Structures are given as C-alpha cells and as structure tokens.
Amino acid sequence: QVQLVESGGGSVQTGGSLRLSCAASSYTSATYCMGWFRQAPGKEREGVAFIDTDGGSKYYADSVKDRATISQGGAKNMIDLQMNNLKPEDTAMYYCAAHLYCNVDWFVPQRGTPRPTYWGQGTQVTVSS
C-alpha cells in the first residue's frame, strides 16, 4: 500500500503561481508514474501532468502544457508541479496519483480507462479573477 500526501494548494489571483508537491510513502513499481489530476465542481476528474519517475518522461494536458512544469522533488518518490499564469478555469481540487505506468488517455476522461492505483486526499487550488 502506498500513501500519497499532497501540499501546496491555496488561493491566488489570475496570473499568479502555485507549486504543488506530493510525497509517496515508498518508491515501488506502483509509483513508476506519478502525477496530478484535477476535478472542478460538476466536472469529470481529468489528468493534468504526469512524470515517469523511472525514465523521466513527462506528459501534460493541452490546457496546461505552456504553464506547468512537473518535476521530481529530489527523490524518486516525490514530485512537484509548478503552475504559472493561473486562470480561473484552473480552480479545482488537485489530486496526486500513482500507477505502474503513465497513460495519456487520462487527459481525456472516458469510461473504461483504467485509473491510477493510488490517490492522495487532494489539495484545493482556487484562482480568482
């Protein structure tokens, strides 16, 4: 069992920046892919950014790819997500997730796509105009 603990959410104004961090309780094959999903009220949970913690490949949703950077936070079981130029539509609960592999289908919510194995409790990001 892997526990994921997020930190770094908060409230900012449009154009501001936030850094989200996630630490896994251990580094195992279950954390070969770590990343972030978000869910706004009344919307499906969608992938934001993922990183292959073993190989280093990174994946971004089109909506954030020019504004977000995902990185490993100094250890293979830790990741950071730097988000700049935040917009009101970025307002959501952000969840750290971990899985054996990264799946770009996570960027488009659809039934039948296997979801990550492990999830954090979530951290709220609110962007005001």
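A disulfide here is a pair of cysteine sulfur atoms within 2.5 Å. With that in hand, let's walk through this predicted model, which holds two disulfides.

Start with Cys 22 and Cys 96, whose sulfur atoms are joined at an S to S distance of 2.0 Å. This pair ties together distant parts of the chain: Cys 22 sits in strand 3 (residues 18-24), while Cys 96 belongs to strand 9 (residues 92-99), 74 residues apart. Both Cys 22 and Cys 96 are buried. If you look along the bond itself, the torsion about the S-S bond of Cys 22 and Cys 96 is about -85°, so this disulfide is left-handed.

Now move to the other bridge, formed by Cys 33 and Cys 102, with their sulfur atoms 2.0 Å apart. It too links distant parts of the chain, 69 residues apart: Cys 33 lies in strand 4 (residues 33-39), and Cys 102 is found in the loop between strand 9 and strand 10 (118-119). For Cys 33 and Cys 102 the torsion about the S-S bond is about 105°, so the disulfide is right-handed.

Counting bonded cysteines along the chain, the disulfides follow the pattern 1-3, 2-4.

How values were computed:
Residues are numbered from 1 along each chain as its sequence is written. This is a predicted model: local features need pLDDT of at least 70, side-chain atom pairs count only at pLDDT 80 or more; totals for chains, interfaces and linings use all residues. Side-chain values use heavy atoms; hydrogens and water are left out. Helices (H or I, at least four residues) and strands (E, at least two) are DSSP runs, numbered from the N terminus. Buried means under 20% relative accessible area, exposed over 50%, partly exposed in between (1.4 Å probe, protein chains only).
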